[in-house]
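Have the sequence and the structure in view as you read.

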Amino acid sequence: MIRTLALAGGIAGAVGLSQFPEFSQQYLQRLSGAVDELRAIVLAFDSTASAAGMTREEALADLSGSAFQSELQKSLAAQIGRYESLSADYAALRQAEPLARLGQLWRFADTDLARRTWQDFRPSVPVTADGLIFAGIGFGGGWLALSLLLGLLARPFRRRGAAG
């Protein structure tokens, strides 16, 4: 019974993890679009600051005073920070193969992008080498996890050997 359930866990792991290469590709495409959108905002702000003879930091600091200016300052600072963070994630993920992306899960941290990617994601059959490798890893991980869990749960019910 444990072997059958472990096999089911392995198959579930294989099916689930085999989708990661495609999901990560779709996330990367959305990430690229977000970076491009934010780049335009940051470049416009930086060129406006430069035309006024200020650095980015000086221009942000200059945006204080009224409630509107303070809110604009916070908004622009947040957009600039998001741009820098997403740009770094995009640069790292773009260069990485799918197996390397799995080792960089923290770079999938933009919850809004991940949620929207997941909403539009449709599972695919893993016909690429990457998909098959991920299916194998997922099978092994699912089988191992379920085997260990079921083994631990069954342990109290095993018969003990005769003491000699």
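## Alanine 59 in helix α3

Alanine 59 sits in helix α3, which spans residues 56–62. The model is a predicted one. Alanine 59 has a relative accessibility of 8%, so it counts as buried. The cut-off for buried is under 20%.

What does alanine 59 touch, leaving aside its neighbours within four places in sequence? The contacts are Phe45, Ala49 and Met54. Leucine 76 is 17 residues away along the chain from alanine 59. The C-alpha atoms of these two residues are 10 Å apart.

## The buried side of α6

Helix α6 runs over residues 111–120. Which of its residues are buried? They are Leu113, Ala114 and Thr117. These three cover an arc of only 95° around the axis, so they lie on the same side of α6.

## How α2 meets α6

The axes of α2 and α6 come within 9 Å. They cross at roughly 130°. The two helices are therefore oblique to each other. Their crossing is right-handed.

Which residues make this contact? From α2 come Phe23, Gln26, Tyr27, Arg30, Leu31 and Ala34. From α6 come Leu113, Ala114, Arg116, Thr117, Trp118 and Asp120. By class, the contact of α2 with α6 has 7 nonpolar, 2 polar and 3 charged residues. Leu113, Ala114 and Thr117, the buried residues of α6, are among those that meet α2.

## How α1 meets α7

Helix α1 covers residues 2–17, and helix α7 covers residues 129–154. Their axes come within 6 Å and cross at roughly 145°. Is the crossing of α1 and α7 left-handed or right-handed? It is right-handed.

On the α1 side, the contact is made by Ile2, Leu5, Ala6, Leu7, Gly9, Gly10, Ile11, Gly13, Ala14 and Leu17. On the α7 side, Phe134, Ala135, Ile137, Gly138, Phe139, Gly142, Trp143, Leu146, Ser147, Leu150 and Ala154 take part. This contact of α1 with α7 has 15 nonpolar and 6 polar residues. It has no charged residues.

Notes:
Residues numbered from 1 in each chain as written. Predicted model: local features only at pLDDT ≥ 70, side-chain atom pairs only at ≥ 80, totals over all residues. Heavy atoms only, no water. Buried < 20%, exposed > 50% of the residue type's maximum accessible area, 1.4 Å probe, protein only. Helix = DSSP H or I, 4+ residues; strand = E, 2+ residues; numbered from the N terminus. Arc of directions from axis to C-beta. Axes fitted to C-alpha atoms, helices over the stretch in contact; angles between N-to-C directions. Left-handed = near helix turned anticlockwise from the far one by under 90°. Contact = heavy atoms within 4.5 Å. Nonpolar A, V, L, I, M, F, W, Y, C, P; charged D, E, K, R; others polar. Parallel < 35°, antiparallel > 145°, perpendicular 65-115°, else oblique.
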